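Please have the sequence and the model side by side as you read.

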Amino acid sequence: MQDFSGLWIPLVTPFEGGAVDHAALKRLVIHLGGQPIAGFVACGSTGEAALLTDEESEAVQDTVLEASVRPVVLGVSGTTAAQVIAALRRAERHGFAGFLIPAPGYVRPSQQGLLRFFRAVADAAPQPVIAYDVPARTGVRIEPETLLALAEHHNIRAVKDCGGDAQATEALIRDGRLQVLCGDDARWFESRCLGGAGAIAASTHLRTDLFIALDRHLAAGELHAAQALWRQLGPLTRELFAEPNPAPLKAMLARDGWLQDELREPLLPATPALVQRLSAMLADLPQAR
């Protein structure tokens, strides 16, 4: 079974002139994959997956897999289990390490409905499932009791935790059957200290080396060093979500020449004031060792 512990980067999707910029995507994957990360998530919310056509999504998958030396998890969403299963079957030929599956959006099913949805998807998935609890996007929370019930399924191995409930996070970690991956970047330090297995964190596109150092300090129990580093990285993670993701992140990547500062509407580029604040924060970070 795939081990999902460690740092996973949910990739942005570069655009140029309205089209996916595959050359920029390839450069970014090669660059980030040179760091000792666990792997990538393709076509997640940071990748503006909801704004890609099916053809664009498949092309993005091809580019990421061809360029990556690290495992790749694919984000797949839908309002019915049948829609998600159909997408999983189309992706089966790629050989992904796993699938990141959120609750159905907009329809707001009951907890029993969520159980049936995730069990049906996990039954059909050719690789392990990471349940994605992100009520801010889907409109429904996967309650801790539901996640603990889903942990009984052999093909549901982890949860991307964006629920914002520290007690629920702690209960899942204490149970131990699901690997808990923090998906709320600003809560990464807290989650890791509680015993979380890792993170799927958009912020780690930037200064990946420092986030890796932070994780190593925490894994080694070097709390003082980890606290000192988090005092600098924590505010950055919060500012990167001060406006809708991935606009602030793309602005910083564009500043460094990795891609164009372009999003697909209705998403808009980050405001100049936020770009200025983020640039100043990044300039204050320690240099790579």
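Helices (DSSP runs of H or I, at least four residues) and strands (DSSP runs of E, at least two residues) are numbered here from the N terminus. The model is a predicted one, in which local features need pLDDT of at least 70 and side-chain atom pairs count only at pLDDT 80 or more, while totals for chains, interfaces and linings use all residues. Residues are numbered from 1 along each chain as its sequence is written, and side-chain values use heavy atoms, with hydrogens and water left out.

A cavity is a set of points, on a 1 Å grid over the protein atoms alone, where a 1.4 Å probe fits but cannot get out, and a lining residue has an atom within 4 Å of a point. Grid points are joined across faces, edges and corners, and a volume is the space filled by probe spheres set on them. The count comes to one cavity of 30 Å³ or more, and the largest cavity holds about 60 Å³ of space. Helix 6 (144–150) and helix 7 (166–175) each supply at least two residues of its lining, with helix 7 giving the most, three residues. Among the residues that line this cavity are Asp133, Arg141, Glu143, Asp161 and Asp165.

A pocket, by contrast, is an open set of points with protein on both sides within 12 Å along at least five of seven lines. The largest pocket holds about 950 Å³ of space and is lined by 36 residues, of which Cys43, Ala49, Ala50, Val76 and Ser77 lie nearest its centre. Two or more lining residues come from each of helix 2 (54–67), strand 5 (72–75), helix 3 (81–91), strand 6 (98–102) and helix 5 (135–138).

Turning to the packing, a nonpolar core is a set of buried Ala, Val, Leu, Ile, Met, Phe, Trp, Tyr and Cys residues joined through side-chain atoms within 4.5 Å, where buried means under 20% relative accessible area with a 1.4 Å probe, protein chains only. The largest such core has 83 residues, and Phe99, Ile101, Phe118 and Leu214 have the most contacts inside it.

In helix 9, the buried residues include Phe211, Ile212, Leu214 and Leu218, and the buried residues of this helix pack against strand 1 (6–10), helix 1 (22–33), helix 8 (188–193) and helix 10 (223–239), a contact being heavy atoms within 4.5 Å. Gly221, with a positive phi near 75°, follows helix 9.

Technical notes. Buried means under 20% relative accessible area, exposed over 50%, partly exposed in between (1.4 Å probe, protein chains only).
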